[in-house]
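Dear colleague,

I am handing over the structure we spoke about, and it is placed directly below. My notes on what was found in it follow.

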Amino acid sequence: MTALRVERTECLVLVQDLGRPGWAHLGVPPSGALDPRALALANRLVGNSEGAAGLEILLGGLGLVAEGSLRVALSGAQLPLYVDGRATPWGTSVSVPSGSRVEVGRSRGRLRAWLAVAGGVDVPLVLDSRSTDTLSGLGPDPVRIGDRLPVGRAGPVPDGSETAVPDPEAGENAVIRLHLGPRDDWFTRSPLDAWRGADLEVTPSSNRVAVRLSGEPLVRRVDGELPSELPSEGLVTGAVQVPGDGRPLIFLADRPTTGGYPVVGVVDPADLPRCAQLRPGDRVRFTPAR
Amino acid sequence: MICRPVGDHALLVQVDDARSAVATARLVHELASGADGLATPQDVVPAAQTVLLDGLRGPAQVAAWRERLSAAGPSDLHHGDAQRGREVTVDTTYNGADLDAVAAAWGCSRDEVVERHQRTEFLVAFCGFAPGFAYCVPAETLPEVPRREVPRERVPAGSVALAGVYCGIYPREMPGGWQLVGRTAAVLFDPARDRPALLVPGDTVRFRAAP
């Protein structure tokens, strides 16, 4: 049986595909790769369907041994990639002979990368997905030393006509497009006004559930027209919620399905991949989506 | 119904209460299967006073759903439609640690709490907080029960609990601030089952004292 044997992990490595949307009415988050386009790209490069399960690598530092010959491709952050100690390029399909070591080095910049393997990571489906849900614990456990990750049957080798282009480096300041609403009327100022010219900073308590930001707190209106408490209502991925302390957070793929604090806006889906790369200390500036 | 776009791919519909939310979610499913150009949302999420339509294809679909649902009113919602799910009986051992607190909130004895809880038909209104955690509303109004001042760090899996106007069952061991009246051995959520959640919005639930 073809597999990837895990010899070293210095970071959080999770199995992710495109998630399990459609179960929110039962309280199940959608999960899935935080940058679905990057996973889809890596999958296409190795000849997989876009939704095949791969490995989401946070910060880097992963050592694998190929049991059986494999093809892999790395997308997202341009982490150093080695096969049997030889540097191999990011963003392209790489052949890994049986018994060879695959090393993904530490990040020099961006936060997350996705490693696809031809045939996909073939762990059991849970609610039609192989994604790990870090909020509710559904799906496979995080990848650990000693794991043997089964690999499915590889498809034909792609013709190599697709070229991966790395995203431009966002640097320390990310501009994120925000669609205002539905509860921006709960606050004394529009969030875009309140946060204009005052960057919000990513805090270390950020993860796949949410990017948490520090900065100018938003102040709630207290004119008596609003209920004192917002009854829980459905959340979307990318929702920017403002809890009691006024400091916003951006909900990502492992977010709860309902929330009781007002959502002032939603990150445009095209900017969610940027959110997947936000490191503590990075600054965020919201701008109107249209 | 007031509808607010949520980004370019979702719509939040305001309704009067949890029962209306279930009926509205059913209306959405019925409209989606018609020929009005209203595509089925990826998720339809009822909650306490809203229904979220998520995973719509784009702004045109958001606008189409907004137009159709803004024109809908209470007459479109048949509250009988709220209860078109299954009838579920939950065998419960009524040994909850907070029976006295519930008795105080309801103004009756512990035994009367147990009896009245079993007499009440509940509607599964919505889920949230954890997979399979269903917020159930009584068919007849019950007195509200305040949450515990200090939540417990660990509530046993299967705990039957009350808070506010809701009754819920903790699907697994987790922290919680609801008042515990009993415990069931029923499995609330198993992703490997055909029907992963025991309690689905639209189901009706009755609790029965286990022997």
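In which loop of chain B does B:Gly132 lie? B:Gly132 is found in the loop between S6 and strand S7 (134-138) of chain B, where helices (H or I, at least four residues) and strands (E, at least two) are DSSP runs numbered from the N terminus.

Before going further, please note that this is a predicted model, in which local features need pLDDT of at least 70 and side-chain atom pairs count only at pLDDT 80 or more, while totals for chains, interfaces and linings use all residues. Residues are numbered from 1 along each chain as its sequence is written, chains are lettered from A and ligands numbered from 1 in the order in which they are written, and side-chain values use heavy atoms, with hydrogens and water left out.

At 1% relative accessibility, B:Gly132 counts as buried (buried means under 20% relative accessible area, exposed over 50%, partly exposed in between, with a 1.4 Å probe and protein chains only). Leaving aside neighbours within four places in sequence, B:Gly132 is in contact with A:Leu26 as well as with B:Pro171, B:Leu188, B:Phe189 and B:Ala197, contact meaning heavy atoms within 4.5 Å.

As for the interface, 30 residues of chain A are in contact with 34 residues of chain B. The area buried between the two chains is about 2,300 Å², of which carbon and sulfur atoms give 64%; buried area is the accessible area (1.4 Å probe) that two parts lose on being put together, summed over both. Of the area that chain A buries against chain B, 23% is supplied by A:His25, A:Leu26 and A:Pro182, more than by any other three residues. The rule finds one salt bridge across this interface (a side-chain nitrogen of Lys or Arg within 4 Å of a carboxyl oxygen of Asp or Glu), and A:Arg255 forms a salt bridge with B:Asp54, with the closest N and O atoms 3.8 Å apart.

In helix H5 (residues 110-119), the buried residues are B:Val113, B:Val114 and B:His117. They lie on the same side of H5(B), because they cover an arc of only 95 degrees around the axis, the arc being that of the directions from the helix axis to the C-beta atoms. On the other side of H5(B), B:Asp111 and B:Arg119 are exposed. In H4(B), B:Leu99, B:Val102, B:Ala103 and B:Trp106 are buried. These buried residues fall within an arc of 105 degrees seen down the axis, so they line one face of the helix.
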